[in-house]
Amino acid sequence: MSEVVVIGGGVAGCTSALALARRGLAVHVLERNPGEGASWAAAGIIGPQLEAAGDGPLARLCLASRALYPELVASLAEATGVDVGYRRCGALQVAFTAAGRDEIAREVGWQREAGLAVELCDGAEARAHAPALGAEVAGGAWFADEARIDPPSLMRALRIAAERAGVRFRAGAAVRRILVERGRAGGVQLEDGTKVEAPWTVLTAGSWSSLIEGSGLAPAAVRPVRGQIVELTPASPALAQVVYGPGCYLSPRDDGRVLVGATVEFVGFVPAVTARAVRDLLTAALRLVPALEEAPLGRTWSGLRPHPQDELPILGQGAIANLIFATGHFRNGVLLAPVTAKIVTALIAGEKPPLDLSPFSPRRPGIAG
């Protein structure tokens, strides 16, 4: 018997489980396919300013989560000794034309008014930040506070820290339905019929969230979106900062590797790598950084990101008591992990969440079944 059962062992589930265990709760995490979810496949960009289409609840949620990352990283290092690759490296969003550069300037205008760190730049100024950028780059915006992280290292550290805090993990546990009695969740039933009971249930099942019976989610509330990534392994580092450009983004690693991503494909539960996607990503990457053309091709992979209909995460409690939702993070799963854990922990502890959750309510149209 646990006090909390968490459905899903991705970054949201593990970070929430760790936070709950550190509050003294007995937590049981059920993992469908460990190591195969979107969290492990992500490029690890901590970029709320890059992702923000404009000011609003999602942008503010992402900014709040970025502010929590240094604390999370420090606690993981202390608990495990694992370097998760968190680097406040900054990021560039660039365009190839003056019109594209002006469009970026319009898009980030609200950020400047809000006092966020953003610097408009022409082509020469962009290359001053990232000398490997090609001569075709006409400029864009520099975000000094953006960061990157290595998701596999982050997941490894979260798992170790959570287990040391007392969290129990059960691999290969496919959840069929949530146990609900008199309008209150009481745990789950697995595909093999086994019941795992608990006073609190947390749904962090990512792309599989809508497939779980009894959650109250609409059948199409969360859909999988495939994202493909290509890894390049140049002999020496070409980039230190994240670069967003037309057709792709580039996320570097300390050892010189560069991750090129990512596609957005509504193809169902098909985690494949395709020739067309690899071609398109490499073409876009080499246009941004021509020096990568001689870089050896490393791994290629894909992940399934949970896409809610309105592209807002699903956070909070819905119509079923003691069932907490923390899913539908789409491209921001790694970025939103720290604030998601704060929200889940606050709700279970009976405390006020750190932000207004009404925009992310599981009861909103298109999400509730």
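**Exercise 1. Which handedness does the crossing of H4 and H8 have?**

The crossing of H4 and H8 is left-handed, meaning the near helix is turned anticlockwise from the far one by less than a right angle. Before going on: this is a predicted model, where local features need pLDDT of at least 70, side-chain atom pairs count only at pLDDT 80 or more, and totals for chains, interfaces and linings use all residues. Residues are numbered from 1 along each chain as its sequence is written, and side-chain values use heavy atoms, with hydrogens and water left out.

Next, the geometry. The axes of H4 (residues 57–80) and H8 (residues 151–164) come within 9 Å and cross at roughly 65°. Axes are lines fitted to C-alpha atoms, for helices over the stretch in contact, with angles from 0 to 180 degrees between N-to-C directions. Helices are DSSP runs (H or I, at least four residues) and strands likewise (E, at least two), numbered from the N terminus.

Last, who touches whom (contact: heavy atoms within 4.5 Å)? H4 brings Tyr69, Leu72, Leu76, Ala79 and Thr80, while H8 brings Leu154, Ala157, Leu158, Ile160, Ala161 and Arg164.

**Exercise 2. Where is Ser209, and is Ser209 buried or exposed?**

Start with the place: Ser209 sits in the loop between strand S12 (200–203) and strand S13 (222–232). Now the area: Ser209 has a relative accessible area of 0%, so Ser209 is buried (under 20%; exposed is over 50%, partly exposed in between, with a 1.4 Å probe and protein chains only). Finally, the neighbours: leaving aside residues up to four places away in sequence, Ser209 touches Leu203, Ser215, Leu217, Val222 and Thr327.

Methods. Contact = heavy atoms within 4.5 Å.
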